[in-house]
Amino acid sequence: FKNFIFFKEHFEEGNEVIRSLKENIKVKLLAVDQEGGRVCRIKGNFASPLEVAKKYLKTQDKNVVKEWAKSIALTVKKYELNLNLAPCVDLAEESAEEFLKSRTFSSDPEIVKKLAQIFIKEHEETGVFTCIKHFPGLKEV
């Protein structure tokens, strides 16, 4: 079995590259980094994890997170991929280092845990595996 990770340029021509691989090679995992916000390999209007976390904290409505996570999962599935290299579970907020900015849910581990669980569950229900990163996480100092 072969495993592949796809990047932005692989989606510019639709699913042709992915379909070709599936037809010609035994493929086990087809992965993409589709976190939302600035880390989206597949085009679309996906809020960042931090934006979603702020909406959730303001409303305490889990559906805000569920709908966002489901839309990402369905997009991954639409391209016949089965692994999303997300969510990012680092502990950070607005003051995060540039490479991490807006990619995190919170600096509070309980909020990160709760929102990551929702993200993972929505992907599971869609038939897409997830991979938390950057385990064990980077913490602001």
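1. Surface. In this predicted model, the protein chain exposes about 8100 Å². Carbon and sulfur atoms supply 54% of that area. Of the 141 residues in the chain, 42% are buried.

2. Charges. The protein chain carries 24 positive and 22 negative charges.

3. Overall dimensions. The C-alpha trace spans about 45 × 30 × 25 Å along its principal axes.

4. Contacts. Among contacts in the protein chain with a separation of 6 or more, 69% are between residues 24 or more positions apart.

5. Secondary structure. The chain contains four helices and six strands. Read from the N terminus, the order of elements is β-α-β-β-β-α-α-β-α-β.

6. Four strands form an open sheet in the order 1-2-5-6, and the pairing is parallel. Strand 1 (2-6) and strand 6 (129-130) stand at the edges; each has a single partner strand, so one side of each has no neighbour in the sheet.

7. Pairing of strands 2 and 5. Which residues make up these two strands, and how many bridges join them? Strand 2 covers residues 27-32 and strand 5 covers residues 83-84; two bridges join them, and the strands run parallel. Within this pair, A31 stands opposite L83 of strand 5.

Methods
Residues are numbered from 1 along each chain as its sequence is written. This is a predicted model: local features need pLDDT of at least 70, side-chain atom pairs count only at pLDDT 80 or more; totals for chains, interfaces and linings use all residues. Side-chain values use heavy atoms; hydrogens and water are left out. Buried means under 20% relative accessible area, exposed over 50%, partly exposed in between (1.4 Å probe, protein chains only). Contact means heavy atoms within 4.5 Å. Accessible areas come from the Shrake-Rupley method with a 1.4 Å probe; for residues, only the protein chains shown count as cover. Lys and Arg count as positive and Asp and Glu as negative; His and the chain ends are not counted. The place of a charge is taken as NZ of Lys, CZ of Arg, CG of Asp or CD of Glu. Two strands pair if DSSP finds at least two bridges between them.
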